[in-house]
Amino acid sequence: MSTSTWVILGIIGVVVLWAIIVAIWRLPGRVLGDSRERRRARGLDVLSQGLVAVGSGDLAKAKKAAGLAQKLVPDEPLTHVLTAQAAQLGGDRLAAAKAFHKMTLQPETKLLGLRGLHIEAKRRSDPEAAHHFAKTAHDLAPVPWAGAAILEHHAVQGDWEKARTSVEANLLSKAIDLDTAQKQRAEIGRAHV
């Protein structure tokens with residue numbers, strides 16, 4: 001064999017050896033990546049089962065799924081939703097409030113967390129906290145529930161000027177339609193007299 005043949009065979013040998021070394025080097029990452037994907041898929045399946053359990057009122061399955069989801073996919077926004085819903089189903093208001101608070105820390109679930117905190121504040125008869133959560137939500141997005149809660153708060157307080165302002169703000173932000181706004185204006189007018 002000629003020298004150039006040996007050089008070519010040497011280069012091929014080095015390339016093959018390098019490919020083997022790189023493949024061996026990347027193997028743990030591939031195995032871990034596959035493991036992560038399986039874990040995530042299992043976590044999403046558990047979330048689905050848990051949300052169905054909440055919807056059907058099966059507290060035991062909902063709690064079990066929430067705990068497993070917290071282990072498998074702790075950063076998934078729906079994990080917090082399931083945890084909060086399972087806690088509410090079980091009557092554990094403190095755990096529900098904690099889960100709703102965690103939801104307010106993530107942009108995807110912030111409004112949902114605020115709504116949950118609003119509901120929990122109303123359940124414990126804390127109108128100021130309920131108003132705070134509704135106002136915070138309404139400042140983020142013109143969601144109808146928050147607009148209605150703000151209006152209700154002002155009406156209960158007998159602050160008819162702020163109630164009127166709330167109706168107009170809700171109409172302007174399209175949280176309510178014109179017919180609803182007219183009905184609310186009429187109700188405020190009757191209540192104010």
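Colleague: At what angle do helix 6 and helix 7 pack, and how far apart are their axes?

Modeller: Helix 6 (residues 127-140) and helix 7 (residues 144-157) pack at about 140 degrees with axes 8 Å apart, where helices are DSSP runs of H or I of at least four residues, numbered from the N terminus, and axes are lines fitted to C-alpha atoms over the stretch in contact, with angles from 0 to 180 degrees between N-to-C directions. Helix 6 is therefore oblique to helix 7, as angles under 35 degrees count as roughly parallel, over 145 as roughly antiparallel, 65 to 115 as roughly perpendicular and the rest as oblique. This is a predicted model, in which local features need pLDDT of at least 70 and side-chain atom pairs count only at pLDDT 80 or more, while totals for chains, interfaces and linings use all residues. Residues are numbered from 1 along each chain as its sequence is written, and side-chain values use heavy atoms, without hydrogens and water.

Colleague: Changing topic, which residues touch the most other members of the largest nonpolar core?

Modeller: They are F100, F133 and W145, in a core of 21 residues, a core being a set of buried Ala, Val, Leu, Ile, Met, Phe, Trp, Tyr and Cys residues joined through side-chain atoms within 4.5 Å, with buried meaning under 20% relative accessible area for a 1.4 Å probe, protein chains only. Helix 6 gives the most to this core, with five residues.

Colleague: And what does F133 touch?

Modeller: Leaving out residues up to four places away in sequence, F133 touches L114, L117, H118, A121 and W145.

How values were computed
Helix = DSSP H or I, 4+ residues; strand = E, 2+ residues; numbered from the N terminus. Buried < 20%, exposed > 50% of the residue type's maximum accessible area, 1.4 Å probe, protein only. Contact = heavy atoms within 4.5 Å.
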